[in-house]
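User: I would like to learn how to read a few local features in a protein model. Please take me through them one at a time.

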Amino acid sequence: MQVKWPWNRGPKRGIARGVAVFGSAEDADGLASQLGQRDELKRWLAERGDTLTDTPADLALVDGAIDAWKEQPDIGPKLGSTVGLFLGSVLVRHVDGARWHVWPNGHPVVRLKSGYEYDVVALAGQRVQLGKPPLASILTDAMDHLE
């Protein structure tokens, strides 16, 4: 998945966009716990009558709600970051060898064993703003880049 970077210095340097991690970037379990919080997303889905089950099928459920959510003033501004962290959590749980990784500027990404990285916050931001890529296609793409 290609992400178009909206700033000049490149994604790994300069100011982290959307989400930044402070503390030890070497603690994979701590990162997964810190970045895997989904309380807000669960609440938003519950208001729609849906339940988050922490499975890949939830990507389609969340994807189907994005267009309505982005119009809501209390949800829209934080939608890309919230959905991006959820997407990253799904990748870490369901793609063999996927782990959270933190760039030098504090921005979290998901790195596969192959070294391929997904800036899930930027990808979710593209989905919110442009309507693509579908979240489930990012999981499929990650499965294709395992080795």
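Analyst: Start with Asp58, which lies in helix α3, residues 57-69. Helices (H or I, at least four residues) are DSSP runs, numbered from the N terminus. This is a predicted model, where local features need pLDDT of at least 70 and side-chain atom pairs count only at pLDDT 80 or more, while totals for chains, interfaces and linings use all residues. Residues are numbered from 1 along each chain as its sequence is written, and side-chain values use heavy atoms, with hydrogens and water left out.

User: Is Asp58 buried or exposed, and which side chain of opposite charge is nearest?

Analyst: Buried means under 20% relative accessible area, exposed over 50%, and partly exposed in between (1.4 Å probe, protein chains only). A salt bridge is a side-chain nitrogen of Lys or Arg within 4 Å of a carboxyl oxygen of Asp or Glu. Asp58 is buried and has no salt bridge; the nearest side chain of opposite charge is Arg38, 7.0 Å away.

User: Which backbone nitrogen atoms does the side chain of Asp58 reach?

Analyst: The side chain reaches the backbone nitrogen of Thr53 at 2.8 Å and that of Asp54 at 2.6 Å.

User: What is the phi of Asp54, and where is Asp54 found?

Analyst: Asp54 is found in the loop between α2 (39-47) and α3. Its phi is near 60°, a positive value in a residue other than glycine. Asp54 counts as partly exposed because its relative accessibility is 23%.

User: Which peptide bond is cis?

Analyst: The bond from Lys132 to Pro133 is cis, with omega near 5°. Pro133 sits in the loop between α5 (120-130) and α6 (135-144).

Key: Helices (H or I, at least four residues) and strands (E, at least two) are DSSP runs, numbered from the N terminus. Lys and Arg count as positive and Asp and Glu as negative; His and the chain ends are not counted. A polar contact is a pair of N or O atoms within 3.5 Å; within protein, one must be able to donate a hydrogen and the other to accept it, and residues adjacent in sequence count only if both atoms are side-chain atoms.
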